[in-house]
Amino acid sequence: MNFVFQSSPWWIPLCLLVGGLYAFLLYQPKSSWSKPANLALAGLRFVVVSTLCLLLLNVLLRQTEVSIEKKTVVLALDNSASVGKLGENLKAGLKKLSESLQDKGYTVALQTLRETPVSTLDSVQFTQKSTDLSGLLSHVKTNLEGRNVTDVVLLSDGIINRGASPTFNSYPFPIHALAVGDTTPKRDVNLKSLSANQIAYLGNQFPLQADVVADGYAGKTATVLLRKGGQTLSQQTVRFDKENALATVNFTTQASAKGVQHLTVEVLPLPGEFNTRNNRKDVYIEVIDGRQKILVVASAPHPDIKAIRSIIEKNDNFEFDFQIVNPSSPAQPSDKKYDLIIFHQQPDAFNSAGPYIKRLLDTGVPAFWIVASQTGTTPLNNAQQIAQIQSQPGQVDKVTGFYNRNFTRLNLNPETMELLRRLPPMTVPFGEVKPLANSEVVLYQKKNNIETTKPLLVLNTGAKRGAILLGEGLWEWRLEEYRLTEKQEAVDDLFTKIIQFLSAKDDKRKLRIYPTQHQFQIEDRVSLETEIYNDLYERIYGPEVALSVTDEKGQTRKYTYVSSASRFEISNLPVGVYKYTATAKVLGKDETASGEFIIRDEQLELANTTADYNGLRQLSQQTGGQFFTASQLDNLEKALVSRDLPDKLTSTEDLREPINLRWIFFILITLLALEWGVRKYLGSY
């Protein structure tokens, strides 16, 4: 810590002289108290006055802080079920390795397949039902960003059944593979994959495709069954021509009833199979009456339209239509009825398609407006009752978006929505945006890291539902999300739920109960959202709800709970399709709600039990690390310690004006109060 002078240091003696002269003149006359007391009081006044004069010189206080970031080794543990006992048996060796590294001055961090780090090895359970090594290493990068990570030790059997291979990514640290497991192929028949559409239409036939892999059964045959509720619908026989063979089986079945159909494909076990638990897979098909039709009306082709189409077509329940309307391409009337119309860059500044837009809106179809460079804000304000935009033509701004955590209607995950802050800016009209009655802000605008109250995405939840997105650049959002996460979930989930809400038929029920997601894993709690409304369709709380949950065998479980702002959760349900019925007395009348949900058990870890060392070797070579097996744990320790890397020094410098430091103000006030108190005690003011 030192001082930086913005004026000549020769002013300091003058400041001290002023303080001394002031004290001398004040306490020079003969006083009624003793000489030591007089000198002490003069000293207090000298310190206060001199300090005030020095503060007027505007001296800067420079503080340099140096922090030491110890070198860190990360133990990245593939705690999946395929590692299982092999990982448990290595815990003692890993503890010894961790203690040895800490004795050498290292910090040891732990990371598993779960996103949150763990604190101790004893808390790690090798029971995860899938393996995503790319995600595991991404968690290391994210959770330890800015730390002095010198090495990562990856304990794994190399089996990947979720996400991309980590060899496709780059990492800022060397990865040392600690390989476990048996690489010897075993005699086995494996139902590798089962493909089917998630949605089928009532009365139609739909296909299922099963891929069967066999090791060690050359010249043998196997029987593949398609079952429903214990009844065999169809069976086929496949022949394996070589030791490592792949056979494809195609089934066709009928969508005979609405609701979720639970089908099972099973390969009958062959003699000598090592693992028969991977011979069976379940598939759940939702049978519906028809698709919801969505029309996109645009002024011209645009990358955002491609992004919208990709989002819509990910859901088999939606049907996409597209129409360009401009002066050179007039509207083509159609007798087709739509559930939602998305207007992109419509209406334009000249309102050239105004009559056509009015004809569409007069049918009462909900509208989703996407504002872009050619949108005319004046005709747009006249066409919708979602938000009013005050903007001059051609004046635009660049903003990013952030989620309104007070918006809860669509059950979006606020933590997932935080990703939107990291996405590229959208081009929006420059001006004021005022949401209208029954409108809720989903996303706000963020300008240069400053969070504003200007809406970016607004949803009208009134009688005439609608939404408006005040910007273009949706295609860049989807690309950037994939670059950051290797998935397209947050943006797609947001707009899918907006589209689902707008295109859904009006729901006049006063009791609504629905699962927070359609499918749950067997280890998850089933979470049910309860909504109860009065005659004005205002949300109310407190009525008692009787819930019955029935599985495929007809067994019913009954629950009773009081509706509240929190969700009702059910645990320990077996695999299968469940139908639920709920009743409640609302304002003296009995109300009923019903629905379905699915409990799945994805046994990805059982599909392949043969360790893959090649991918681990390649990953180590790419990152500058080394490859070790479980028996070479001592060699791994020597390799880590032998590098003798330095700790990381970080220096930060801070310049402050002492006149802005509160503690100096309070010291001066204390000194003046002390002087005044002593003078009063001695009989003077």
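These legends go with several close-up views of the structure above.

The model is predicted, so local features need pLDDT of at least 70 and side-chain atom pairs count only at pLDDT 80 or more, while totals for chains, interfaces and linings use all residues. Residues are numbered from 1 along each chain as its sequence is written, and side-chain values use heavy atoms, leaving out hydrogens and water.

**View 1**
Let's start with sulfur. A disulfide is a pair of cysteine sulfur atoms within 2.5 Å. Searching the whole structure turns up zero of them. Cys15 is in no disulfide, and the nearest cysteine sulfur, that of Cys53, is 5.1 Å away.

Asn38 sits in helix H2 (residues 35-56). Helices (H or I, at least four residues) and strands (E, at least two) are DSSP runs, numbered from the N terminus. With 13% relative accessibility, Asn38 counts as buried. What does the side chain of Asn38 make a polar contact with? The partner is the side chain of Trp33, at 3.0 Å. A polar contact is a pair of N or O atoms within 3.5 Å; within protein, one must be able to donate a hydrogen and the other to accept it, and residues adjacent in sequence count only if both atoms are side-chain atoms. Plain contact means heavy atoms within 4.5 Å. Setting aside neighbours within four places in sequence, Asn38 is in contact with Tyr27, Ser31 and Trp33.

**View 1. Gln111, buried in a strand.**
Look for Gln111 in strand S4 (residues 107-111). Gln111 counts as buried because its relative accessibility is 3%. The side chain of Gln111 reaches the backbone oxygen of Arg114 at 2.7 Å, and it also makes a polar contact with the side chain of Asn143 at 2.9 Å. Not counting residues up to four places away in sequence, Gln111 touches a list of residues including Val74, Leu77, Pro117 and His139.

**View 2. An open sheet of three strands.**
The strands here come in the order S1-S2-S34, and the pairing is antiparallel. Two strands pair if DSSP finds at least two bridges between them. Which strands are at the edges? Strand S1 (2-4) and strand S34 (648-656), each of which pairs on one side only. Neighbouring strands of this sheet are turned by 30° against each other on average, direction ignored. For such angles, axes are lines fitted to C-alpha atoms (for helices over the stretch in contact), and angles run from 0 to 180 degrees between N-to-C directions. Zoom in on S1 and strand S2 (residues 60-69), and you'll find three bridges in the antiparallel sense. Phe3 has Leu61 in S2 as its bridge partner.

**View 3. An open sheet of five strands.**
Now the order is S25-S32-S31-S28-S29, and the pairing is mixed. Strand S25 (519-521) and strand S29 (556-562) each have a single partner strand, so one side of each is left without a neighbour in the sheet. The twist averages 30° from one strand to the next. Strand S28 (residues 544-550) runs antiparallel to S29, joined by seven bridges. Leu547 stands opposite Tyr559 in S29.

**View 4. Helix H9 and what covers it.**
Helix H9 (residues 474-485) has twelve residues, which should span 16 Å at 1.5 Å a residue; its end C-alpha atoms are 17 Å apart, which agrees. That expected span is 1.5 Å times one less than the number of residues. Which residues of H9 are buried? They are Leu474, Trp477, Arg478, Glu480 and Glu481. Among the elements covering them are helix H5 (303-313), strand S19 (387-403) and helix H10 (490-503). Just after H9, Glu486 takes a positive phi of about 60°.

**View 5. The hairpin of S21 and S22.**
S21 and S22 pair in the antiparallel sense over seven bridges. Lys447 has Ile450 in S22 as its bridge partner. Two residues lie between the strands of this hairpin, where Asn448 takes a positive phi near 50°. S21 also pairs with S19, again antiparallel, over four bridges, and Thr400 has Lys446 in S21 as its bridge partner.

Conventions:
Buried < 20%, exposed > 50% of the residue type's maximum accessible area, 1.4 Å probe, protein only.
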